[in-house]
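Hello,

Here is the structure for you to look through. My notes follow below it.

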Amino acid sequence: MSTGRIYNFNAGPAALPLPVLEKIQSELLDFGGSGMSIMEISHRSALFEGVINDAISRCRRLLHVGDAYEILFLQGGASTQFAMIPMNLLPRGRSADYVNTGAWATKAIREVRIQGKTLTIAASSEDRNFAYIPQNIRFSPDAAYVHITSNNTIKGTQWAGFPDTGGIPLIADMSSDIMSRPFDISPFGLVYAGAQKNIGPAGVCMVIIRKDMLERVPEELPTMLRYTTYAEKNSLYNTPPSMAIYAVGLVLEWLEDTIGGLDAMAELNEKKAGTLYAAMDASDFYRPTADMDSRSRMNVTFRLPSEELEDRFVAEALAHGFGGLKGHRSVGGCRASIYNATGMDAVTALTEFMAEFEQKNG
Ligand code: PMP
């Protein structure tokens, strides 16, 4: 820890790979021999075009996404996607299926209702405080799309595999697990992710959209709220969040060239989560909150025997160099977010600290 950096378990914005931060630092004053920072160059320059196209190519290679899809960079966070998806892809007179697995899914559902559009809650895990991912869901055969949240950042649950929708385009909020594991893009009509957990800093949202979905976009939508605007102009209709896109590109470069792709990343993530859950399963002191078959590999949520002990745990952990372990303010408890950039070293050190804390307080 000679860099003075702590073990970062923040839920988002979250840890970035150290080599990415170092590269940003080394290029900050003079990007690509331009004599300017990336923040100071035109988004119309060949240099920036290289940056955005490289990020898109890397995303395509990492996720095996072919020409049938567009890869877009938008602003307004994943939260704006909650509204843009029904605006663009849910025609009046049709209905969409939503699966409610927690606070973010609930917010996505609310945006459909605000627009006065029709939806069906195809499944929900609200009956048990969102501690699980619903299985064997029967989707409406005529749904315009099916919306799911692949990883539930607050409740610490994650879809182990994606549901069979029988050909209805699947739409997923992958904000908190994009690029953490490989998946087959072909059932998806659209995938979106705020960058600030697994792929970069805040300020940009990645959208992967199948080209046939663009045919649904109504003409009367405001320009900046239409997917077609971004698809037609390579996300350069207006000034994009250039610094954030550049950082996303560097994270994807790290994933490809240093980690070795998403199979290798998934294996590492499996090992990290497996180590943490195994330590908790072997103890009566730490209690994971999600059902075993629905546990997230990204956000490990757990309780201690009392709220007082939880407060002490979070405070002492911080004093020992472990940051971000407090659960989301809406649910309390503890949460260790172990996204791609939080390494096995951090997880090992945390499990050791947890064992010591249990010994003193258990
Ligand atoms: N979806 C999920 C799964 C999230 O975890 C978050 C943010 N924590 C959001 C959506 C909202 O993202 P944003 O802040 O980029 O709007």
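**Around the ligand**

In the side chain of Q196, an N or O atom sits 2.9 Å from an oxygen atom of the ligand. The protein covers 85% of the 400 Å² of accessible area that the ligand has on its own (Shrake-Rupley method, 1.4 Å probe). S79 also has a side-chain N or O atom 2.6 Å from a ligand oxygen. A polar backbone atom of A78 is 3.0 Å from an oxygen atom of the ligand.

In total, 13 residues surround the ligand (one heavy atom within 4 Å). The closest are S79, T153, D173, Q196 and K197. Helix α3, residues 77-89, gives the most to this shell, with four residues. Helices here are DSSP runs of H or I, at least four residues, numbered from the N terminus.

**How to read it**

This is a predicted model: local features need pLDDT of at least 70, side-chain atom pairs need 80 or more, and totals for chains, interfaces and linings use all residues. Residues are numbered from 1 along each chain as its sequence is written, and side-chain values use heavy atoms, without hydrogens or water.

**Helix α6**

Helix α6 covers residues 242-259. Its 18 residues should span 26 Å at 1.5 Å a residue (1.5 Å times one less than the number of residues). The end C-alpha atoms are 25 Å apart, which agrees. Of the 18 residues, 14 are buried, so α6 is largely enclosed by the rest of the structure (buried: under 20% relative accessible area, 1.4 Å probe, protein chains only). Just after α6, G260 takes a positive phi of about 100°.

Best wishes

Terms used. Helices (H or I, at least four residues) and strands (E, at least two) are DSSP runs, numbered from the N terminus. Buried means under 20% relative accessible area, exposed over 50%, partly exposed in between (1.4 Å probe, protein chains only). A polar contact is a pair of N or O atoms within 3.5 Å; within protein, one must be able to donate a hydrogen and the other to accept it, and residues adjacent in sequence count only if both atoms are side-chain atoms.
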